[in-house]
Amino acid sequence: MDWKKLSTEKIMQVYNRLFLSRCYLCDLLCKTPLCHYCQHGFADNVQHCLKCKRPTHTTGLLCGHCQTRPPTYQHCIAPYRFEGIVKTLIHQLKFHQGHHYSRPLTYLLSEHLLQHYATQVWPEQLIYVPSHPKRIKERGFCQTRTLSRQLIRYLKPKIGSACPSWPAHNPLKKIVHTQAQHSLTRKARLKTPKNAYQVKGNIAKHVALFDDVMTTGSTIEHCVQLLRQAGAERVDVWVIARTPDKTF
């Protein structure tokens, strides 16, 4: 008997029971990162554009932008609106070193992904929209890297070999340091330089592009086009939340 392995397993069981088997918001004992009650407090993105998942007052229709300029990605998964608890958790993660909030956020996204891909083919590769090195230095980490890695940890035990690969060296790079997007107006975001990213590395035929929040969709669309130019035949977009228009 490998006593070292056994003791490590027992220690992890005790650690999980004491620290991880509780809701991250209310501290209630539960088997998931968020209890059933707290999950009901999240703003579900139920009414949205059929293609880009922009929150709307109707469902099952294309928004005006997608009708005139359809996005080049295949599917968009955006289960929540960027408001309320979701907005608070993402802000805590990005601006207040709340690394532990990556667990409940990616847990919720993983549950929606499992439901969506129950009848779909999973992407071969997961690529995240990166921050510029200067921004990473300011913040101390890249939140999309942290989130996407945790997301894979949730998916791997559930889907095994079908799980997308997570490259240690992300082939998508941000090469132009731009002003923080949360500090810009919608009009200013749309004017963000289109050459801010580049792709260096191998790209699978079917790719999932991950970001924490989609606002105008311009950054996502630019990155999707780069991935397609690099060899991707299909790109699915995965985001935790979609920002509603001010008129929503």
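Let's start with strand β7, residues 234-242. In this predicted model, β7 is mostly covered: nine of its nine residues are buried.

Now its neighbours. Strand β6, residues 206-214, runs parallel to β7 and pairs with it over eight bridges. How does the chain get from β6 to β7? It passes through helix α9, residues 218-229, and this β-α-β crossover is right-handed.

Strand β1, residues 76-77, is parallel to β7 and joined to it by two bridges. There, I77 sits opposite W238. Strand β2, residues 80-81, also pairs with β7 in the parallel sense, over two bridges. Y80 has A241 as its bridge partner in β7.

On to the aromatic pairs. The whole structure holds six. One of them is F42 with Y80: tilted, 5.6 Å centre to centre, 55° between the planes. F42 lies in the loop between α2 and α3, and Y80 lies in strand β2, so this pair ties together parts 38 residues apart in sequence. Are these two buried or exposed? F42 counts as buried, at 4% relative accessibility. Y80 is buried too, at 5%.

Another pair is Y107 with Y154. This one is edge-to-face, 5.9 Å between centres, with 65° between the planes. Y107 belongs to helix α5 and Y154 to helix α7, so the pair ties together parts 47 residues apart in sequence. Y107 is buried, with a relative accessible area of 11%. Y154 is buried at 17%, and the cut-off for buried is under 20%.

Terms used: Residues are numbered from 1 along each chain as its sequence is written. This is a predicted model: local features need pLDDT of at least 70, side-chain atom pairs count only at pLDDT 80 or more; totals for chains, interfaces and linings use all residues. Side-chain values use heavy atoms; hydrogens and water are left out. Buried means under 20% relative accessible area, exposed over 50%, partly exposed in between (1.4 Å probe, protein chains only). Helices (H or I, at least four residues) and strands (E, at least two) are DSSP runs, numbered from the N terminus. Two strands pair if DSSP finds at least two bridges between them. A crossover is right-handed if, with the strands pointing away from the viewer, the path from the first strand over the helix to the second runs clockwise. Rings of Phe, Tyr and Trp (its six-membered ring) pair if their centres lie within 6.5 Å; planes under 30 degrees apart count as stacked, over 60 as edge-to-face and the rest as tilted.
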